[in-house]
Amino acid sequence: MTTKPKARKFRIKRSTPTASAATEETVRRAVPQASEPPAQTPPPAPQGPGRVADQLRQQTARPQPAAPQPQARTGEVSSAAQVAGETDIDAIRREGLTGRQLRMARRVAQKHNLAPTSDFDAVRLLREAGIDPFQRSNMLELVVPPAGGEHREGAPPEMLGQLTPTQAGAGRVQLPQTVPAGRETLPSTEISPAERRSREITEIQRDISRRRRKKMGLLLVRLAFFVMMPTLLAGYYFYAIATPMYATESDFLIISNEGSGGTSPFGGILPPQFSTGPDAIAVQGYLQSKDAMIRLNNDAGFKDHFTQEWIDPIQRLTPDPTNEEAFKLYKKNVKIGYDPTEGMIRMEVVAADPNVATDYARNLISYASERINNISQGQRDDGMRDAIIAFDKAKQDRLEAQEKLIRLKNENGADPEAVIAAYRAQITNYETSLIEKELELAALLDNSRPNQAKVDGARGDIRRLNATLLTLNNRLNLPGADGLSLAQQAVAQQLAQADLANADANLQLANGSMEQARTEANRQVRYLNVAVEPVASEEPSYPRSFENTILAFLIFAGIYLMISLTASILREQVTS
């Protein structure tokens, strides 16, 4: 979208300027007609806005000659100069200039302190002064060369002396030109908007780059102070100050011997790593306890070794350390791990002397073996104690059953079962005789005239047999003087005999269990098997200088990153 230029309207009264005939004739001869442009005049060199503004200031600063005062026309005959000027104005009119061009010429003439009578007269005066008002890039194109310059066609050389300083362009230079040697020119202070905008953009870019460099420099300073410097200090400690430590490694496992015994319900079904898992965990916990540290200190002088002066201050204990301080160092230098899939316990002992580390490892293995023996010994003692208790109880039960059976036999006086058997035999005999007598009586009664004596004798036998059977049944079933019948006495005696037999069986089982428990107690159920013996190392294992330095760098970098992110989030929250 373009905006049409706007210009003010100038309403100037038409008047004829008065000037000497010689001056007008000289100007007419010096300036060619507008309708006939000079043939050899070179095109005006393009000039920048800054150079044009500089030339405008120079033109404004030069003293301008006083313009001739216009005089009213009279009835006198016009001079030759006036007639030539009118003829030039007629030629300018015939050029077909637009109104915008004429208004532009009027404004340019006023800027140069000229007094035109009309727009066409303004064009004529500007052309006389060597100014082209219609050129967009350079509105002040000087066509008249300076004094001493080369001769241009259509303009006599002697005219330069007759022109005014403004018309002749005294002290003015034409572009393009070469700067004479030894002459320095100062640039203009006024610049075009495009150049100013590009310069401001350049300044903004430079400022952004400067700020970026400043922020990058501050970031590097912070990284150097908070990350690199602590890392260098840590590396210096690991490489130059830290005391070399020697590590001794050993592996051992716990083997169970319960497969051959009868105390375990699963026998040899379970593999060793599952059957001894709780025992291995118990041993691991014991070796990492304060009890093991105190015992190791009493036996091998753990505190005395780590309080020596040649150990660096970070790894050295105080002269008189407490058990808690020594235990912290003990957990750091004694590392024990248990692998449940293999059932193996791996132990690493670290000390400043390889021989001392080896002694510590052997002592700890002996402590573990004792602990395993104590665990199995307690189990063996418990099994033996339970077997003895069961055997004593079985003996007591058998004794009581025997006493009860003896007491029943004494109370009964005879064997109730034998008495009952005798009574049963008599009853059977009597019942047989009774049946025979009843058959005999029935045979006698079948006669029409039976013998009464035989009938009465048969009936008397039957009555006596029934009375005898009744007496025998009463003796068998009715209670005696002790309130128990023979049947009850026989049942009680049978129960006493059954209790005695059961007590005998329990006593035999308890006796077998006690013998087995005694056998298990005499042999070791679980024992510790050392797979890898502790051997003194010839080279130090710690500190791992490179790995520890890299780890320190990562730790410090992570801490710095977390602090930076936290500060950025807080700053954003505060500003928003």
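**View 1. A salt bridge between R295 and E370 in the predicted model.** In this predicted model, E370 is partly exposed, with a relative accessible area of 36%, and its partner in a salt bridge is R295, the closest N and O atoms being 2.5 Å apart. The pair links distant parts of the chain, since R295 belongs to helix α10 and E370 to helix α13, 75 residues apart. R295 likewise counts as partly exposed, because its relative accessibility of 27% falls between the limits of 20% for buried and 50% for exposed residues.

View 2. In helix α3 (residues 80-94), D90 and R93 lie three residues apart, about one turn of the helix, and their side chains meet in a salt bridge with an N to O distance of 3.1 Å. D90 is partly exposed at a relative accessible area of 35%, and R93 is partly exposed at 40%. In helix α7, E203 and R206 are also placed three residues apart, about one turn of the helix, and they form a salt bridge whose closest N and O atoms are 3.8 Å apart; E203 is partly exposed, with a relative accessible area of 43%. Elsewhere, K437, E440, D461 and R464 are linked in a network of salt bridges, and a search of the whole structure finds 18 salt bridges.

**View 3. The largest nonpolar core and the surroundings of F252.** The largest nonpolar core has 38 residues, and those with the most contacts inside it are F252, L287, F306, Y330, M347 and L364. Several elements each supply at least two residues of this core, including β3 (246-256), α9 (277-287), β5 (344-351) and α13 (354-412), and α13 provides the largest share, nine residues. When its neighbours within four places in sequence are left aside, F252 is in contact with residues that include V283, L287, M347, I365, A368 and L528. In soluble globular proteins, nonpolar side chains tend to be buried together.

View 4. Of the aromatic pairs, which number seven in the structure, the one shown joins F302 and Y330, whose ring centres are 5.7 Å apart and whose planes stand at 80 degrees, so the pair is edge-to-face. Because F302 lies in helix α11 and Y330 in helix α12, the pair ties together parts that are 28 residues apart in sequence. F302 is buried, with a relative accessible area of 1%, and Y330 is buried, also with a value of 1%. Ring pairs link F302, F306, F327, Y330 and Y360 into a cluster.

View 5. M228, Y239, F546, I550, F553 and L554 form a nonpolar patch on the surface, and together they have about 610 Å² of accessible area. Helices α7 (193-241) and α17 (545-575) each supply at least two residues of the patch, with α17 giving the most, four residues. M228 is placed in helix α7 and counts as partly exposed at 38% relative accessibility. T231 is also found in helix α7, but T231 is buried, with a relative accessible area of 8%. Leaving aside neighbours within four places in sequence, T231 is in contact with T549, A552, F553 and F556, and F553 is one of the residues of the patch.

Note on methods
Residues numbered from 1 in each chain as written. Predicted model: local features only at pLDDT ≥ 70, side-chain atom pairs only at ≥ 80, totals over all residues. Heavy atoms only, no water. Patch = residues over 30% accessible without salt bridge, like charges linked within 9 Å, V, L, I, M, F, W, Y side chains within 5 Å. Areas by Shrake-Rupley, 256 points an atom, 1.4 Å probe, with all protein chains shown as cover. Salt bridge = Lys/Arg side-chain N within 4 Å of Asp/Glu carboxyl O. Buried < 20%, exposed > 50% of the residue type's maximum accessible area, 1.4 Å probe, protein only. Core = buried A, V, L, I, M, F, W, Y, C linked by side-chain atoms within 4.5 Å. Contact = heavy atoms within 4.5 Å. Phe/Tyr/Trp six-rings, centres within 6.5 Å; stacked < 30°, edge-to-face > 60°.
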